[in-house]
Amino acid sequence: MPARPILHYPHPMLKQVCAPVAAIDAEVSLLIGDLIDTMRAGPGSVGVAAPQIGVALRVCVVDVSASRHGRDNNHGLLVMVNPEIIRREGGAVMREGCMSVPDYTGDVERAEMITVSFLDDQGRAREVDASGFEAVAVQHEMDHLDGLLFLDRITSLKTGLFRRKKYK
Amino acid sequence: MKGSGETALHFAVTIIGKDRPGIVAGAAEALYRLGCNIEDSSSTMLGGEFAMILIVSHSRPFSKARLLEEFKAFGEKLQLSVFVRTLAGDETFHDTPTGELCMVSVYGSDRPGIVFRVAGELAEQGINITDMNTKLIGTREEPVYVLMLEAALPDGASIEDVTRLLEKLKKELNVEIGVRSVTPVSL
């Protein structure tokens, strides 16, 4: 189960809506293994989604337990098949970067707390309440399953505060 | 001193003039005609002036004079000031900061020396300002100054270090100062 190369935008795979997984068969299990290995291989990476390694299926992995922002508040390794966010609360802004869009970062507002339902690697239905950085990471990876990059979410220029004044 | 006939692959171009529609379109058209690529750019309106800073490149070396010539007609028509700085090869690369990135917000009643004192303290500690906006807001009777900057800290320095560093300026300048991390998270 090797780490696989991360696709970079403009690879068309990154802009397509992925298909739900019908059954967790041997192929999907291999994919999950590859996603975990790819995440572990990326420097400081806390998540990878299947389309980032060239598979258009609704599978992603998240693990923020080793990161500074997530080490005190996490569920360890989350393997999420067909994830859906069933509740969102609050909002917080973080400056995000993405392995599929190198050399660029931007401020993105996302829900601060989410409840996400999914199937785990054994096909068991699970629900997890995530908050803080883990919630951000889950939302970022899940966006990949819908062909969305953080570039689609940047809502304001850094100078937004200064746009209101009218010059007389 | 570089002769005007000297050629290069990269230039820094700044364009400033009274704001009106068509400045970006005109600049972009001139660069497109030259076959230049706008690599990085930032433009904004300040005090009714529109200012553009662009790093432009070309696949084959060409001269600053050629660049200025292409801008001449459009610049004169819109009464713009155009400056071109030739970039040597070693000026076109820069290291991405590896330390923490912080945002510093400073605001309070307007008075001389706010930018000077804040920037001075940061510079003394080797903290590099990467982005800065200032604005005079409020009323004529009670002008309020707002300063927002982003700075890259040297390796090992923390957000708390910056908070402590700027703490004394709160009293000295009678301003509010906030420091928060904007270090990107990699996902």
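This is a predicted model: local features need pLDDT of at least 70, side-chain atom pairs count only at pLDDT 80 or more; totals for chains, interfaces and linings use all residues.

Student: OK, sheets. What is the strand order of the open sheet of five strands in chain A?

Tutor: The order is E1-E2-E3-E6-E7, and the pairing is antiparallel. Strand E1 (47–49) and strand E7 (125–131) of chain A stand at the edges; each has a single partner strand, so one side of each is left without a neighbour in the sheet. From one strand to the next, the twist averages 35°.

Student: How many bridges hold E3 and E6 of chain A together?

Tutor: Six bridges, in the antiparallel sense, between strand E3 (residues 78–89) and strand E6 (residues 113–119) of chain A. For a pair to look at, A:Arg87 stands opposite A:Thr115 in E6(A).

Student: Which strands does helix H1 of chain A lie across?

Tutor: Helix H1 (residues 26–41) of chain A lies across E1, strand E2 (59–62) and E3 of chain A. H1 runs at about 35° to E2(A). H2(A) packs on the sheet too, touching E1, E2, E3, E6 and E7 of chain A, and the direction of H2(A) makes about 160° with that of E2(A).

Student: Staying with H2(A), how far apart are its end C-alpha atoms?

Tutor: They are 21 Å apart. Helix H2 (residues 132–145) of chain A has 14 residues, which at 1.5 Å a residue should span 20 Å, so the two values agree.

Student: And how many of its residues are buried?

Tutor: 13 of the 14 residues of H2(A) are buried, so the helix is largely enclosed by the rest of the structure. After H2(A) comes A:Gly147, with a positive phi near 75°.

Student: Switching to chain B. What is the order of the four strands in its open sheet?

Tutor: E2-E3-E1-E4, with antiparallel pairing. Strand E2 (37–46) and strand E4 (81–87) of chain B are the edge strands, and each pairs on one side only. Ignoring direction, neighbouring strands of this sheet are turned by 20° against each other on average.

Student: How many bridges are there between E1 and E4 of chain B?

Tutor: Seven bridges, in the antiparallel sense, link strand E1 (residues 7–18) of chain B with E4(B). B:Thr14 has B:Phe83 in E4(B) opposite.

Student: What lies across that sheet?

Tutor: Helix H2 (residues 64–77) of chain B lies across E1, strand E3 (49–63) and E4 of chain B. This helix runs at about 165° to E4(B).

Student: Now the contact between chains. How many residues are in it?

Tutor: 13 residues of chain B are in contact with 20 residues of chain A. On the chain B side, strand E6 (128–138) and strand E9 (185–186) each supply at least two residues. The largest share of that side, four residues, comes from E6(B). By type, the chain B side divides into six nonpolar, five polar and two charged residues.

Student: In which sense do E4(A) and E9(B) pair, parallel or antiparallel?

Tutor: Strand E4 (residues 92–98) of chain A pairs with E9(B) in the parallel sense, over two bridges. A:Glu96 stands opposite B:Val185 there. Within chain A, E4(A) also pairs with strand E5 (residues 101–110), in the antiparallel sense over seven bridges. E4(A) and E5(A) form a hairpin with two residues between them, and A:Cys98 has A:Val101 as its bridge partner in E5(A).

Student: Last topic, cores. Which residues touch the most other members of the largest nonpolar core?

Tutor: A:Leu35, A:Val59, A:Cys60, A:Val61, A:Val62, A:Ala137 and A:Val138, out of 38 residues in that core. H1, E1, E2, E3, E4, E6 and H2 of chain A each supply at least two residues of this core. H2(A) gives the most, seven residues.

Key: Residues are numbered from 1 along each chain as its sequence is written. Chains are lettered from A and ligands numbered from 1 in the order in which they are written. The expected span of a helix is 1.5 Å times one less than its number of residues. A residue is buried if 20 or more other C-beta atoms lie within 10 Å of its own, exposed if 12 or fewer, and partly exposed in between; C-beta atoms are placed from the backbone. Two strands pair if DSSP finds at least two bridges between them. Axes are lines fitted to C-alpha atoms, for helices over the stretch in contact, and angles run from 0 to 180 degrees between N-to-C directions. Two residues are in contact if their C-beta atoms, placed from the backbone, lie within 7 Å. Ala, Val, Leu, Ile, Met, Phe, Trp, Tyr, Cys and Pro count as nonpolar, Asp, Glu, Lys and Arg as charged, and the others, Gly among them, as polar. A nonpolar core is a set of buried Ala, Val, Leu, Ile, Met, Phe, Trp, Tyr and Cys residues joined through C-beta atoms within 7 Å.
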